[in-house]
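Please look over the sequence and the structure before reading on.

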Amino acid sequence: MRFSTLSLFPEIIKASTDESMGLKAQMKGLVEIVHAQIRDQAINDYGKVDDAVYGGGTGMLMMAEPIYQTVEKLQADFRTAHPELDCPQERLVYMSPRGQVLNQAMAYEMAQLDHLIILAGHYEGVDQRVLDKLEAQEVSLGDYVLTGGELPAAVLIDVVLRMIDQVLPDKEAWQAESHASGLLAEDQYTRPEVWRGHRVPSVLLSGHDAKIERYRKASALYNTLKARPDLLAAYEVKDEEWRDLLDFIADSSYNPKG
C-alpha cells in the first residue's frame with residue numbers, strides 16, 4: 001500500500017511517518033509513504049498557491065489548480081511504480097473539520113486500498129471545486145480547528161498503517177485494542193504488585209484465564225460507560241456481561257477506583 005500526502009508543510013508529516021512503526025513498515029517493504037509539496041505545482045513563478053476568498057472574508061484560500069496537478073502527479077507516479085495493478089483502488093482524503101469523524105471502522109476500510117492520497121489543507125481551506133472534481137472524502141479528527149491538516153494527516157496514516165498485514169506482530173495486536181471492539185480499553189497494570197499503597201486487582205494475579213478475561217471485559221464496559229456512554233449504547237451487552245459489570249462496580253478489590 002502507498003500513502004501519498006500533499007501539503008504546504010510536508011516535513012511536519014514526514015517527521016511522524018519516518019519514525020517508529022512507520023519507519024519499520026517502510027524498511028520492511030510493507031508500505032510506501034511519499035510526501036509532495038504543493039508549491040512545486042504552483043501556476044506562477046512565485047510559488048503562489050493561495051488567493052483571496054470570493055465574496056470577501058478573512059484569510060486566504062488554497063487554489064484549485066496546484067492541488068489538482070499534484071494529485072494527478074501522485075496518481076501517475078503510483079501507476080508507473082506499480083504497473084501490475086490494472087485498476088488500483090485509490091482514494092483522496094481531505095483532512096477537514098467539517099468532515100466525517102475518523103473512527104476505527106473507517107480506518108479499516110482505508111487499509112484495504114492500494115493508494116491512499118491525503119490532502120492537508122492550510123489557511124482557510126481549499127477551493128471547493130477541486131474537492132468536487134477529485135471526489136475527495138472529507139475526514140475530521142474531532143470538533144475543533146487546527147492551524148493546518150498536517151498533524152491530522154499524520155494521525156490518519158498512523159491509524160490506518162497499524163491495520164496493514166504484518167506491520168504489527170499479529171492481527172490481535174490491533175483487534176484487541178481500544179475502539180476495535182467497540183469499547184474503550186480496560187485498565188492495565190504491571191510490576192510492582194503494590195505501588196505507593198495501591199494494589200493490582202487480585203483477579204489479575206489469580207492465573208485463572210476465564211476470570212481474567214471477564215474482568216477485562218467488565219473493566220472495558222465500565223470505562224466506556226463512564227467516558228463514552230454513546231459507544232456503549234451501540235454495543236450489544238450480554239446479560240452475563242451486565243452482571244459482571246455490576247460486580248465490578250460493587251467490589252472494591254475488583255475495581256480499585258471504586
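## Aromatic pairs

How many aromatic pairs does the count come to? The count comes to two aromatic pairs; the model they are taken from is predicted.

In one of them, the ring centres of Y215 and F248 are 5.8 Å apart and the planes meet at 45°, so this pair is tilted. Planes under 30 degrees apart would count as stacked and those over 60 as edge-to-face. Y215 sits in helix α8, which covers residues 209-227, and F248 in helix α10, residues 239-250. The pair therefore ties together parts that are 33 residues apart in sequence.

The rings of Y222 and F248 also form a tilted pair, with 5.2 Å from centre to centre and 50° between the planes. Y222 belongs to helix α8 and F248 to helix α10, so this contact ties together parts that are 26 residues apart in sequence. Through these ring pairs, Y215, Y222 and F248 are linked into a cluster.

## Burial of the cluster

F248 is at 1% relative accessibility and counts as buried. For Y222 the value is 11%, and this residue counts as buried too, because the cut-off for burial is under 20%.

## Overall dimensions

The chain has 10 helices and nine strands. Its radius of gyration is 23 Å, whereas a compact globule of 258 residues would have a value near 18 Å. Along the principal axes, the C-alpha atoms fill a box of roughly 70 × 45 × 35 Å. H208 lies in the loop between β9 (198-199) and α8 and is partly exposed, at a relative accessible area of 38%.

Of the 258 residues, 41% count as buried. Among contacts between residues at least 6 apart in sequence, 75% join residues at least 24 apart.

## Surface and charge

The accessible surface of the chain comes to about 15100 Å², and carbon and sulfur atoms account for 50% of it. The chain carries 26 positive and 41 negative charges. The mean positions of the two sets are 6 Å apart.

## Backbone exceptions

Most residues other than glycine have a negative phi, and most peptide bonds are trans.

- R191 and P192 are joined by a cis peptide bond, with omega about 5°. P192 is in the loop between α7 (172-175) and β8 (194-195).
- S20 has a positive phi, near 50°. This residue is in helix α2, residues 20-27, and at 55% relative accessibility S20 counts as exposed.
- Y123 has a positive phi, near 60°. Y123 is in the loop between β6 (115-120) and α5 (128-133), and is partly exposed with a relative accessible area of 35%.

Technical notes. Residues numbered from 1 in each chain as written. Predicted model: local features only at pLDDT ≥ 70, side-chain atom pairs only at ≥ 80, totals over all residues. Heavy atoms only, no water. Helix = DSSP H or I, 4+ residues; strand = E, 2+ residues; numbered from the N terminus. Rg over C-alpha atoms; globule rule 2.2 N^0.38 Å. Buried < 20%, exposed > 50% of the residue type's maximum accessible area, 1.4 Å probe, protein only. Contact = heavy atoms within 4.5 Å. Areas by Shrake-Rupley, 256 points an atom, 1.4 Å probe, with all protein chains shown as cover. Lys, Arg positive; Asp, Glu negative; His and termini not counted. Charge placed at Lys NZ, Arg CZ, Asp CG, Glu CD. Phe/Tyr/Trp six-rings, centres within 6.5 Å; stacked < 30°, edge-to-face > 60°.
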